[in-house]
Each structure stands twice: as C-alpha cells, then as structure tokens.
Amino acid sequence: MGDEVQQLTRAFSGLGGLGVDEPAMVSALARWRRQPEKRSGFRKGFPGFFTSHGEMDRCEEEYMLHLAAEFARFKNLMVLWAMHPWERDARLAHHVLHQHHPAAIVVEVACTRSADELLGARRAYQALYHHSLEEDVAYRARDKPYCNLLVGLVSAYRYEGPRVNEEVARAEAKALGAAVKSAGGRLAENDDVVRILSTRSKPHLVETFRYYKEIHGRRIEEDLSNGTEETLLEAVLCLAAPAKYFSQVVEVALRDGADHHEKDALTRVAVTRSDHDMDEIRAAYQEQFGAKLEDAIAAKAHGHYRDALLSLVGAHHQQ
C-alpha cells in the first residue's frame, strides 16, 4: 500500500512539477474501490495538504487552489491551441492589461509576430473588447516608464523585406550607445530608442545590434541587464533573437519555485511558437542550458499536460 500511496501522492501534487498525472488517478479509482482505508492512508501520507482535525483529515484551502490550477493546465493549453492566432494574441494581451499579468506578454505579441499577424491581433482586439489595443496599452501603462515604448511596439507595421541601410544601422547603433550612457535608468523613455525599436525592420535591428557590439565592445543585452530596463531588454531579444528569448522564458518556467505567471509561460510558448520557431527554441535551450528541452519538460510536467507539451515541442521523447 505504501508504494500505491506514494504513486498517487505524486500524481496529485506533481511534487513541484506542472500538471497532474490523470492516468494514475483513474487507476486509483478502480483499484481502491470500496477501500476507504487506502484513501485515509493517502491523506495521512500527504503532509502539508491534509491536516488532522480530530477524526477528520482536512484538505487545506491552499492545496485545493493548487490542485485546481494544475488540473487546469491541460484545459488551458487545449483552449489556446484551438483558437485562431489573432484571437489568442488579443486575449493574451487583454489579460496583461486587465488582470495584472507581466508586460512581457504584450512585448512578445508585438515583437515576435509578423506585421500582418500583429495587425490581425489588433483587429481581433477591437472586435472582442470594443477598444483598440493601442489605446488600452496607452491608458493601462500610463504610469510606467516603458509606456511610450509599448505603445510604439503594438502600433508598428514593420517593413519585412531583407534590405538594410548599413550606414543608417551604424548611425543608430551609435545613437543607442549614447542613449545608454545618458539615460540614467530611464532608457525606455528615450525618443531615439523608442523610434528605433518601434519602427525599424527586424533585419535592420539585427545589423544595428551587431554594429553596437562592434562600436561599444559589448552586446546591447549586456548593457540592459542591470534589472532596471527589463521591458526594453525583452523587446530587444524578441525583435532580434526570439529563440534565445523564448528558451530563457521556458527555463524559468521549469525551475523549482517558479511562480504561477512563470509557469503559465510554458503553455503560452509551447502553443504560440509550435508552428513557427520551435526547432530554433529547442536548439537555443540546449546551447544555453546544456540539456534537451524535451527532457526538461518530461522531468517536470505530468500526465496529459506533459504529453501535450511534448507534442507541441515536436521532439520524440522516449519515456
């Protein structure tokens, strides 16, 4: 019975992982039928989630909320997967603006989608919420130092051709360097920075950042990694190195102690990037963290949620 209790405990709790092991739970329903003593043993062997109150083992409120959230992971993944990408992005952005989700989600939508995909998300946002995405960003982020940058990013319709004016890219690399030196921790409010990041094509920005390193001796990400320019750093990575950015988001989501916003990012990245650059994200993850993404997911996630994630990641993990 001890092994069975441990197996079911792992199925319910995930022991710090993501999702629940539904098949193990269903198996227990069949094997423990008319054996209330086994359920009692399970409750007593589950410290922290059940506490003894006289003759009753009481389920803690915190655990019930935890369990509801873990059961919901697979459902939420499937709902997001089934949506039209424009609606999905519009709803993700709305959650950010109205339910205190991280601003990084809006940055992702604005900076990693094509010009037409972002325009489609803005059209969907208007149809769903009877406001424009731009006006909601401007109002909801009005007290944030990155407000103008975020409005510029969601309003963009970038040139998507391959041509880059090398002279202009080099000049703007110098302008960014000057802004970094003079901004004093408020770089996201600098007019040149906002203009360059919210209007230039992605190939142009890649060249600009290459010149930045050539001129200043450091990658622009290094100069933004002091903790005061988080939204700006996210925008730079999403625009010029999205696979690197998303691999870092996933790594944080898989850490022990990740908060619920960080854990939710795993679903978001798997669903939104599966049809686009997941191979590049897997390669970036392995390069940065020395492990296969599919192995990391299999070690931390459980049940149908794990299987769905592995399917979206697109790697054939041997379980």
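1. Start with helix 7, where Ala115, Leu118, Gly120, Ala121, Arg122, Ala124, Tyr125 and Tyr129 are buried. Buried here is under 20% relative accessible area, exposed is over 50%, and partly exposed is in between, with a 1.4 Å probe and protein chains only. Helices are DSSP runs of H or I with at least four residues, strands are runs of E with at least two, and both are numbered from the N terminus. Those buried residues pack against helix 5 (85–98), helix 6 (104–112), helix 8 (133–140) and helix 9 (147–155); a contact means heavy atoms within 4.5 Å.

2. A word on what you're looking at: this is a predicted model, in which local features need pLDDT of at least 70 and side-chain atom pairs count only at pLDDT 80 or more, while totals for chains, interfaces and linings use all residues. Residues are numbered from 1 along each chain as its sequence is written, and side-chain values use heavy atoms, with hydrogens and water left out.

3. His130 has a positive phi of about 60 degrees, although it is not a glycine. For background, most residues other than glycine have a negative phi. With 67% relative accessibility, His130 counts as exposed.

4. Another loop residue to look at is Arg163, between helix 9 and helix 10 (166–182). Arg163 is exposed too, at 72% relative accessibility. From Arg163 to Val137 is 26 residues in sequence and 31 Å in space, C-alpha to C-alpha.

5. On to the cysteines: how many disulfides are there? The count is 0 disulfides, taking a disulfide as a pair of cysteine sulfur atoms within 2.5 Å. Cys147 is in no disulfide, and the nearest cysteine sulfur, that of Cys111, is 15 Å away. Cys147 counts as buried because its relative accessibility is 10%. The sulfur of Cys238 has its closest cysteine sulfur in Cys111, at 5.7 Å, which is too far for a bond. Cys238 is buried as well, with a relative accessible area of 1%.

6. On a 1 Å grid over the protein atoms alone, a cavity is a set of points where a 1.4 Å probe fits but cannot get out, a pocket is an open set with protein on both sides within 12 Å along at least five of seven lines, and lining residues have an atom within 4 Å of a point. Grid points are joined across faces, edges and corners, and a volume is the space filled by probe spheres set on the points. The lining of the largest cavity includes Ala115 and Leu118, along with Arg113, Arg158, Glu160 and Lys202. By class, that lining has 5 nonpolar, 1 polar and 4 charged residues; Ala, Val, Leu, Ile, Met, Phe, Trp, Tyr, Cys and Pro count as nonpolar, Asp, Glu, Lys and Arg as charged, and the others, Gly among them, as polar.

7. The largest pocket has a volume of about 1,200 Å³. Of its 45 lining residues, His261, Glu262, Asp264, Ala265 and Arg268 are closest to the centre. Which helix gives the largest share of the lining? Helix 4 does, with 9 residues. Helix 4 (61–82), helix 5, helix 6, helix 14 (230–240), helix 15 (242–253) and helix 16 (260–273) each supply at least two. The lining divides into 20 nonpolar, 12 polar and 13 charged residues.

8. Glu221, in helix 13 (residues 220–223), is buried at 16% relative accessibility. Leaving out residues up to four places away in sequence, Glu221 touches Leu233, Val236, Leu237 and Lys244. Met56 is in strand 2 (residues 56–59) and is partly exposed, at 48% relative accessibility. Met56 and Arg268 sit 212 residues apart in sequence and 40 Å apart in space, C-alpha to C-alpha.

9. Finally, the whole chain. It has 19 helices and 2 strands, and 46% of its 319 residues count as buried. Among contacts with a separation of 6 or more, 66% are between residues 24 or more positions apart. The C-alpha atoms fill a box of roughly 75 × 45 × 35 Å along the principal axes.
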